[in-house]
Amino acid sequence: MTILIFILIICIIVISHEMGHFLLAKANGITVKEFFVGMGPTLWSFTKGGTKYSVKLFPVGGACVFEGEDGKADEDEDGEAVPLSAGAFPNANVWARMSTVVAGPVFNFILAYLLAIIIVGTTYSDIPVVQDVIPGFAAEEAGMRSGDRIVRMDGERVYLAREVNLITTLRQGETITVEYIRDGETREAVLTPKLDAESGRYLLGLQGYTEYIRCSPLETFRYGYYEVRYGLKATVKSLQMLVQGKADKNEVSGPIGIAVLVDDVAEQTRPYGIGVMIINLMNLAMLLSVNLGVLNLLPLPALDGGRLVFLLLEVVRGKPIPPEKEGMVHLAGFAVLCGLMVLIMYNDIVKLIH
């Protein structure tokens, strides 16, 4: 069951991403040679409208292959180069190519938003309202009390209770300026956390800060946006921590780690009914879709962000980077990404064994 759920989630996210590339390519008159889901040997395929659609053995990726995207022409049966058609990727104007490349991550964010609307519309949302304060800690000393609604932390707008948890977790031990609303009046408190001997963590002194609300149909669209915004913020901040060396390598997962996470979510929520399990798996899919969108926008070779860098350079220079040079950069980047994926999968296996 875990394997089937994992495959379904990954396929939905990958298809959404590649569908973005596909639809914008078609809209811009770019020839799509192949649209496939999975990696490795082809299990099933058919051709329609000049595009080959296929499903491959390993459900961990996919691609939308454009004519001439690597700058090379196809070869005929005799090994002779076939001239690129008018619909080849390099022959499209730079803005058409940029929109086609960026469409993949954008569609991941659209998928995440649609899932968030369903989640919020069928369950609830969490707003940051103080439930109580801990005696002797900063929140009580600053005069905060039950019913205060937190709206900003260090100038950063806060909409969901989980954002309070995210910010306090990332800033353990640091003084935080909190803006909150009480009786329609905006107030401010400067909170310096104290070390709690029992938990070993620095606490601001908030004894719960979550209030659950049911959203109206119109509010569902707004709070669905807040859900995606939270996922985006959490992903970006996590990447910053990785770059700064503040995050542990065990917090990074590949396909195996994601499959284990899917299994954990399914097992923990199954006793509460199929509906609860589906909603929680949809929430996981939403976060994964946001993650994929953000990661693909990183300016790294072989990723959509890396291709956008070359297209932006083309705009600045007024002419494209030689295809063979760009191809070498992307090839090197792809090799590095493959090596990184092997290390992450090895780490996932070690975590699973232990």
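This is a predicted model: local features need pLDDT of at least 70, side-chain atom pairs count only at pLDDT 80 or more; totals for chains, interfaces and linings use all residues.
Strands β5, β4, β6 and β7 make up an open sheet, and they lie in the order β5-β4-β6-β7 with antiparallel pairing. The edges are taken by β5 (156-157) and β7 (185-191), each of which has a single partner strand, so one side of each is left without a neighbour in the sheet.

Helix α4, covering residues 161-170, packs on this sheet. The helix touches β4, β5 and β6 (176-182), and its direction makes about 40 degrees with that of β4.

## Strand pairing and turns

M153 has E156 of β5 as its bridge partner, and R152 has R157 of β5. The two strands form a hairpin with two residues between them. D154 lies in the turn and has a positive phi of about 55 degrees.

β4 also pairs with β6, in the antiparallel sense and over four bridges. The pairing of β6 with β7 is antiparallel and consists of seven bridges. β6 and β7 form a hairpin, with two residues between the strands. In its turn, D183 has a positive phi of about 55 degrees.

## Helix α4 against helix α5

On the helical side, α4 meets helix α5, which spans residues 217-243. Their axes come within 11 Å and cross at roughly 10 degrees. That angle makes α4 roughly parallel to α5.

From α4, the residues in the contact are R162, E163, L166 and L170. Those from α5 are E227, R229, Y230, K233, A234, K237 and M241. Sorted by class, the contact has six charged residues, five nonpolar ones and no polar ones.

Helix α6 (residues 255-269) packs with helix α7 (residues 274-296) at an angle of about 155 degrees, and the axes are 8 Å apart. The angle makes α6 roughly antiparallel to α7. Their crossing is right-handed. On the α6 side the contact is made by I258, L261, V262, V265, A266 and T269, and on the α7 side by V276, M277, N280, L281, L284 and L288. Of these residues, 10 are nonpolar and two are polar, with no charged residues.

Helix α1 (residues 2-27) also meets α6: the axes come within 9 Å and cross at roughly 115 degrees. The crossing of α1 and α6 is right-handed. T2, I5, F6 and I9 of α1 are in contact with P255, I258, A259, V262 and D263 of α6. This contact divides into seven nonpolar residues, one polar and one charged. I258 and V262 of α6 take part in the contact with α7 and also in the contact with α1.

## An aromatic pair

Across the whole structure, a search finds 10 aromatic pairs. One of them joins Y124 and Y212 in an edge-to-face arrangement. The ring centres are 4.8 Å apart, with 75 degrees between the planes.

Y124 lies in the loop between α2 (94-122) and β3 (125-127), while Y212 belongs to strand β10 (residues 211-213). The pair therefore ties together parts that are 88 residues apart in sequence.

Note on methods: Residues are numbered from 1 along each chain as its sequence is written. Side-chain values use heavy atoms; hydrogens and water are left out. Two strands pair if DSSP finds at least two bridges between them. Contact means heavy atoms within 4.5 Å. Axes are lines fitted to C-alpha atoms, for helices over the stretch in contact, and angles run from 0 to 180 degrees between N-to-C directions. Angles under 35 degrees count as roughly parallel, over 145 as roughly antiparallel, 65 to 115 as roughly perpendicular and the rest as oblique. A crossing is left-handed if the near helix is turned anticlockwise from the far one by less than a right angle, and right-handed if clockwise. Ala, Val, Leu, Ile, Met, Phe, Trp, Tyr, Cys and Pro count as nonpolar, Asp, Glu, Lys and Arg as charged, and the others, Gly among them, as polar. Rings of Phe, Tyr and Trp (its six-membered ring) pair if their centres lie within 6.5 Å; planes under 30 degrees apart count as stacked, over 60 as edge-to-face and the rest as tilted.
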